Each structure stands twice: as C-alpha cells, then as structure tokens.
Amino acid sequence: LAALWTWQEKTIPQMQTALVAIIGDNTATPPVVGQEEAASAAEQVMLAARGNWDAQLDVLHSRTVQGVSMIKNKFRGNAAKLAVVGGLTARGSSRKETLDEALAWESAWAQADPAWAPLPANTLAAFKTLRNQCEEGLRTAYTDAQSAWREQTGKLADLVRVMEDINQAWYADATTVFPAGTAEGDMIRGTIPTTYNPPPPPAPPAPPAP
C-alpha cells in the first residue's frame, strides 16, 4: 500500500523497528536480540537458580529427617535429652517449612549433643553450613534471578502493548482509507487477523496399561 497511502503516525521502517525490538533480527549484522529472547534467557536463569535451591533444600530436608529420627531413638531412655528433641518434626512440604524445621533441628542438636552425628558426613557444622547456604546464598540467588526475569517480562509486556496499539490504530485508519469492496480494502481485511484463536491444548497422555 506504500505507493497509494502513507500512514500519518509512523513510517514502515519505524513500525519494523518496533517489531524487531520484540522479536529480534538474526539476519542483521550483528544480530539484534529481541525482548522475547531476553525474557526467555532471564527465565532460564531463574529456573536454574530455583532448581539449584530446591535440590539443596531436598538434601537439607533428608538430613533433617535423618537427624531428627535418629536422635530421638538415641535418647529414648534419657528424659532430659528427649525433652529437647522430642517435639521436632521433619514433614515440611514447602521451602519455608523445610527451612523452619532445619533451624529447629539445628538448635536442638546443638543443645542435646553437638558432637554427635547421625552419619560421619552429617555433622552439626556441615548441617549448619548447608542450612545457611539454603537460607541465604541460594535463596538470594533465586530471588535476584526472579526479579530480573520479572523486569524483562515487564519490558516485553510494555513493548507488546505499544505494538498492539500501533497495529490497531493502523488497521482502523487503513480500513477507513480503503473501504470494503475495494481491492486494497479486501486485501487488508482478508490478510490481517483481528482476533486471536489459540491452538487447542495437547491431548492428555494415554492411560497406563493395566
């Protein structure tokens, strides 16, 4: 349509630039990284940080379970010691519960018998190091990565909103300049979708064989 009509708001190169900011351009030299790719990369970093944190939380939980169970058995005949450890639990199903139970176990362990260890590798010092790592380092790394991902997805959402506004304004003007029934008007209406029809969800997996 460029030979017949020039839009009053933006030129074609300006609209292309707005699109490239979202989807990038691998044919450019150097390639242009779009915001979609930046958001995806930030998401991968966030998922990796979350995976690292959860993996160490699983180790922390298993060591808590091990210690709580074994020390109760160790002091089953010692009422004073059992009073320190008897109320401990290790049934956490969330990150917070896992960390809370680990801290409670660490504190009771230090009071009951800090020199004792369920297994040679599961000492009080090693447990405290692991808990601090889960509480501080890995948690902070995940939180920072999550914040960075949210920032990138926010930027992407802003760019998409601007692009959608541009698209709708252009379409409204173009269909006014070229009415239905004209070759150009029919081409515009038949080429540019104005509704979004998402693809159907994938079929559920087949049930397991009996």
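Tutor: Contact here means heavy atoms within 4.5 Å. Keep in mind that this is a predicted model. With that cut-off, and leaving aside neighbours within four places in sequence, L60 is in contact with T98, L99, A102, F127, L130, R131 and C134.

Student: Where is L60 placed? And what makes L60 count as buried or exposed?

Tutor: L60 sits in helix 2. Buried means under 20% relative accessible area. L60 has 0% relative accessibility, so L60 counts as buried.

Student: How far is L60 from A18?

Tutor: Their C-alpha atoms are separated by 48 Å, and the two residues are 42 residues apart along the chain.

Student: What about Q152: buried or exposed, and how do you know?

Tutor: Q152, in helix 5, has a relative accessible area of 18%. The cut-off for buried is under 20%, so Q152 is buried. Not counting residues up to four places away in sequence, Q152 touches Q35, A38, A39 and A42.

Student: Which residues of helix 2 and helix 4 meet?

Tutor: From helix 2 they include R50, W53, D54, L57, L60 and H61, and from helix 4 they include R95, T98, L99, E101 and A102. By class, the contact of helix 2 with helix 4 has nine nonpolar, four polar and five charged residues.

Student: And why are helix 4 and helix 5 described as parallel or antiparallel?

Tutor: Their axes come within 10 Å and cross at roughly 150 degrees. An angle over 145 counts as roughly antiparallel, so helix 4 and helix 5 are roughly antiparallel to each other. The crossing of these two helices is left-handed. Among the residues making the contact are L99, A102 and W105 of helix 4, with F127, R131 and C134 of helix 5. That contact of helix 4 with helix 5 has nine nonpolar, no polar and five charged residues.

Student: What is the arrangement of helix 1 and helix 5?

Tutor: Helix 1 and helix 5 pack at an angle of about 150 degrees, and their axes are 10 Å apart. The cut-off for roughly antiparallel is over 145, so helix 1 is roughly antiparallel to helix 5. The crossing of helix 1 past helix 5 is left-handed. M15, A18, L19, A21 and I22 in helix 1 meet L156, L159, V160, M163, I166 and W170 in helix 5. The residues of this contact divide into eleven nonpolar, no polar and no charged.

Student: How do you know that the span of helix 4 agrees or disagrees with 1.5 Å a residue?

Tutor: Helix 4 (residues 95–112) has 18 residues, which should span 26 Å at 1.5 Å a residue; its end C-alpha atoms are 26 Å apart, so the span agrees.

Student: Which residues of helix 4 are buried, and what covers them?

Tutor: The buried ones include T98, L99, A102, W105 and W109. Their cover includes helix 2, helix 3 (79–85) and helix 5 (124–177).

Student: Finally, is the peptide bond from T29 to P30 cis or trans?

Tutor: That bond is cis, with omega near -5 degrees. P30 lies in the loop between helix 1 (12–23) and helix 2 (35–74).

Conventions: Residues are numbered from 1 along each chain as its sequence is written. This is a predicted model: local features need pLDDT of at least 70, side-chain atom pairs count only at pLDDT 80 or more; totals for chains, interfaces and linings use all residues. Side-chain values use heavy atoms; hydrogens and water are left out. Helices (H or I, at least four residues) and strands (E, at least two) are DSSP runs, numbered from the N terminus. The expected span of a helix is 1.5 Å times one less than its number of residues. Buried means under 20% relative accessible area, exposed over 50%, partly exposed in between (1.4 Å probe, protein chains only). Axes are lines fitted to C-alpha atoms, for helices over the stretch in contact, and angles run from 0 to 180 degrees between N-to-C directions. Angles under 35 degrees count as roughly parallel, over 145 as roughly antiparallel, 65 to 115 as roughly perpendicular and the rest as oblique. A crossing is left-handed if the near helix is turned anticlockwise from the far one by less than a right angle, and right-handed if clockwise. Ala, Val, Leu, Ile, Met, Phe, Trp, Tyr, Cys and Pro count as nonpolar, Asp, Glu, Lys and Arg as charged, and the others, Gly among them, as polar.
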